[in-house]
Amino acid sequence: MLYDQIIVRYGDLTMKGRNRNQFEKRMLQQVKQALTPFERVSYFKSFGRLYVLLNGQPYEPVADRLKDLFGITTISPVVSVQSELEAIRAAALTLMQSIEKPPATFKVSVKRAWKGFPHSSQEMNHLVGGHVLRAIEDLKVDVRKPEVELKVDIQEEGTYVFWEVIQAGGGFPFATNGKAMLLLSGGIDSPVAGWMALRKGLEIEAVHFHSYPFTSEKAKDKVVDLATRLSYYSGAPLKLHLVPFTDIQTRLAQQKSDNIIITLMRRAMLRITDKLAERNGAGGIVTGESLGQVASQTLASMNVIGRATELPLLKPLVMMDKQEIIREAEKIGTFETSILPYEDCCTLFLPKSPSTNPNLRIVEKVESLIPELGDMIDAAIEGTEVLVLTPSGVQTVHTEGEDDWF
């Protein structure tokens with residue numbers, strides 16, 4: 001096997017002090033957990049990088065897993081050799097000859113971090129480049145726009161030769177920027193919002209509202225699949241709160257305020273999520289709202305709905321259009337699941353003419369006519385089923401009222 005290590009570059013190098021240390025510690029934990037299935041790999045950290053030693057493990061599946069982790073900026077499969085001229089030149093030639101589509105042009109970029117090495121970076125550019133040129137017919141040097149840039153990183157413990165620089169997830173490592181609750185429907189938007197929240201270093205717990213038996217078990221399974229996909233990107237187990245919403249939804253429908261029923265439902269959802277956030281130590285709520293996309297996502301509607309909670313409402317999609325969101329959903333692997341034809345609870349009582357400019361005073365008046373609403377919200381929380389998900393599926397199942405289980 002050609003490659004024996006993967007160089008992992010991570011993080012915002014401007015981070016200082018405790019934040020930097022926390023970032024690196026969490027990054028290492030995340031990588032170790034994500035690569036648990038690859039039993040042969042090992043690690044060491046040096047000069048703001050993480051080196052993953054493959055130890056005979058094929059690099060492709062390891063690289064595929066690493067590039068989806070947040071906090072990692074780029075990865076490179078490398079050939080490592082002793083920091084000795086002939087070994088470096090031999091590795092460079094072997095690597096160039098292994099490229100599936102032979103390039104017409106290349107250049108060599110040497111970085112000599114170990115100053116005890118007897119040749120300067122500029123000398124090594126010529127010594128390595130000339131060796132490769134003599135051995136590969138029709139290959140030319142282009143220092144401005146080469147098809148392949150052959151990189152040589154000379155360190156005291158060894159030299160790393162590579163040419164690929166693969167873009168990874170970027171952002172921040174999991175749980176380095178706090179925790180938030182994600183309102184996860186079965187649609188296209190909310191999984192993308194969850195992915196973006198994870199990318200910014202948030203730990204998320206997903207909350208889904210179901211109206212069984214009006215909504216089917218397949219609708220629930222669809223949401224479980226979406227949350228499972230998000231757990232893949234988090235690199236950690238993810239909690240999914242399945243909230244029974246049938247009684248609340250039915251009671252709200254009895255008020256005969258059809259034009260604002262979506263507003264009423266979403267306010268009830270936020271109140272429930274607010275209390276779940278308090279129980280689970282979350283400091284915000286993430287939603288998949290996109291401005292103007294539907295009646296409940298006009299600025300006026302979002303204003304009235306958002307007043308049901310004092311927690312920050314994080315809306316990463318708010319300025320994106322639908323096609324942009326679809327492209328992101330396709331990229332992260334949630335789109336095909338999201339378009340499965342199983343309804344969520346918000347489509348059950350969808351009025352013909354929902355209000356796009358609800359009046360807060362009227363909404364609060366309707367809510368005041370349901371004195372039992374607070375108790376119904378508490379009952380829904382106590383009846384919430386909680387799944388702990390990993391990329392391989394459901395790990396554990398509990399109810400919200402149980403103590404000391406996670």
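This report describes salt bridges, a helix, a surface patch and a pocket in a predicted model.

## Salt bridges

Side chains of opposite charge can pair when their charged atoms come close. The structure holds 17 salt bridges. One of them joins lysine 322 to aspartate 189, with the closest N and O atoms 2.8 Å apart. Lysine 322 lies in helix H10 and aspartate 189 in helix H5, so this pair ties together parts that are 133 residues apart in sequence. Aspartate 189 is buried, at 9% relative accessible area, whereas lysine 322 is partly exposed, at 31%.

Helix H10 also contains glutamate 328 and lysine 331, three residues apart, or about one turn of the helix. These two form a salt bridge, and their closest N and O atoms are 3.2 Å apart. Glutamate 328 has a relative accessible area of 19% and counts as buried because the cut-off is under 20%. Lysine 331 is exposed, at 55%. Elsewhere, Lys179, Glu203, Glu205 and Lys239 are linked in a network of salt bridges.

Helix H9 covers residues 299–306, and its buried residues are Ser301, Met302, Val304, Ile305 and Gly306. The buried residues of H9 pack against helix H8, strand S14 and helix H12.

Leu291, Leu299 and Met319 make a nonpolar surface patch of about 370 Å². Methionine 319 sits in the loop between strand S14 and helix H10, and is exposed at 70% relative accessibility.

## The second largest pocket

The second largest pocket has a volume of about 220 Å³. Its lining includes Gln33, Phe38, Arg65, Tyr232 and Pro391. Helices H1 and H6 each supply at least two residues of this lining.

Technical notes
Residues are numbered from 1 along each chain as its sequence is written. This is a predicted model: local features need pLDDT of at least 70, side-chain atom pairs count only at pLDDT 80 or more; totals for chains, interfaces and linings use all residues. Side-chain values use heavy atoms; hydrogens and water are left out. Patches are made of residues with over 30% relative accessible area and no salt bridge: like charges are joined within 9 Å, nonpolar side chains (Val, Leu, Ile, Met, Phe, Trp, Tyr) within 5 Å. Accessible areas come from the Shrake-Rupley method with a 1.4 Å probe; for residues, only the protein chains shown count as cover. A salt bridge is a side-chain nitrogen of Lys or Arg within 4 Å of a carboxyl oxygen of Asp or Glu. Helices (H or I, at least four residues) and strands (E, at least two) are DSSP runs, numbered from the N terminus. Buried means under 20% relative accessible area, exposed over 50%, partly exposed in between (1.4 Å probe, protein chains only). Contact means heavy atoms within 4.5 Å. On a 1 Å grid over the protein atoms alone, a cavity is a set of points where a 1.4 Å probe fits but cannot get out, and a pocket is an open set with protein on both sides within 12 Å along at least five of seven lines; lining residues have an atom within 4 Å of a point. Grid points are joined across faces, edges and corners, and a volume is the space filled by probe spheres set on the points.
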